[in-house]
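Subject: Structure for you to look at

Hello,

Here is the structure we spoke about, with the sequence. My notes follow below it.

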Amino acid sequence: MTGALFPPARAELGPGAVHVPGWLDPAAQSEIVAACRQWAIGPVPMRAAVLPGGHPMSVQTVCLGWHWQPYKYTRTADDAGGGRVADVPEWLVQLGRRALTEAYTLPGEPGYAPDIWKPEDYTPDTALINYYAHGAHMGMHQDKDEKSSAPVVSLSIGDTCIFRFGNTSTRTRPYTDVELNSGDLFVFGGPSRFAYHGVPKTLPGTADPDSGLPAGRINITLRMTGLA
């Protein structure tokens, strides 16, 4: 939690899966929240994606670069008015590269980052911005709609969530539950790139007031689609 006497330490939940608490300071979080508010209103509005069975997700999403809907990417938002989504801004690409450097550079192990993915070669061409209102959740799933195996960079702002990170074979155990607080970074790549993961719940009232998001949770995931 923000302001804790002993902030949580960096942790590796699996090979290539790294949690870096408090990576974004409140000023950076507030700037990102302001950008998200603009993205949420257009050119393609934020919406709840509808699963193939007709059930809308409890999480609301707006996309950059490529538009995601279960389970495909398109250039136009055919399920949200047909417009083309905004591009991924260069500052967000650079933030993703810095995130990879932070997650995959370990003291005394200079070769760790290139063994997973070279940060300078990381050019995310899509970003999914998910908003979790009170009661929203995300079931266990794999991020496998991309043709690239580049790492996923995940940023959390607002309310704390319980993030469940599992294995690559099944939605069930073994998995690890970890709290992601406002400003936390989570990166998963390499052997953990296709691990099942989800958000069973958020914890209302836990947002850092200096983050610019007084309630709810924003999660931004940066990805390389491998699409042309």
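This is a predicted model. I began with helix α1, residues 26-39, which has 14 residues and reaches 20 Å from its first C-alpha to its last, close to the 20 Å expected at 1.5 Å a residue. Its buried residues are Gln29, Ile32, Val33, Ala35, Cys36 and Trp39. Viewed down the axis of α1, these buried residues fall within an arc of 165°, so they line one face of the helix. An α-helix has 3.6 residues a turn, so residues three or four places apart point the same way. Glu31 and Gln38, on the other side of α1, are exposed. The cover over the buried residues of α1 includes the helix α2 (90-104) and the strands β3 (60-64), β6 (126-132), β8 (152-158) and β13 (217-223).

Next, the largest pocket, which holds about 640 Å³ of space. It is lined by 33 residues, and Met57, Trp68, Met138, Gly139 and His141 are the closest to its centre. The elements giving two or more residues to this lining are β6, β7 (138-141), β12 (197-203) and β13. By class, the lining has 13 nonpolar, 13 polar and seven charged residues.

Finally, there are two peptide bonds to check. Pro70 and Tyr71 are joined by a cis peptide bond with omega about -10°, and Tyr71 sits in the loop between β4 (67-69) and β5 (72-74). The bond from Arg173 to Pro174 is also cis, with omega near 10°; Pro174 is in the loop between β9 (160-165) and β10 (176-180).

Regards

Key. Residues numbered from 1 in each chain as written. Predicted model: local features only at pLDDT ≥ 70, side-chain atom pairs only at ≥ 80, totals over all residues. Heavy atoms only, no water. Helix = DSSP H or I, 4+ residues; strand = E, 2+ residues; numbered from the N terminus. Expected span 1.5 Å × (residues − 1). Buried < 20%, exposed > 50% of the residue type's maximum accessible area, 1.4 Å probe, protein only. Arc of directions from axis to C-beta. Contact = heavy atoms within 4.5 Å. 1 Å grid on protein atoms, 1.4 Å probe; cavity = no way out; pocket = protein on both sides within 12 Å on 5 of 7 lines; lining within 4 Å. Points joined across faces, edges and corners; volume = space filled by probe spheres on them. Nonpolar A, V, L, I, M, F, W, Y, C, P; charged D, E, K, R; others polar.
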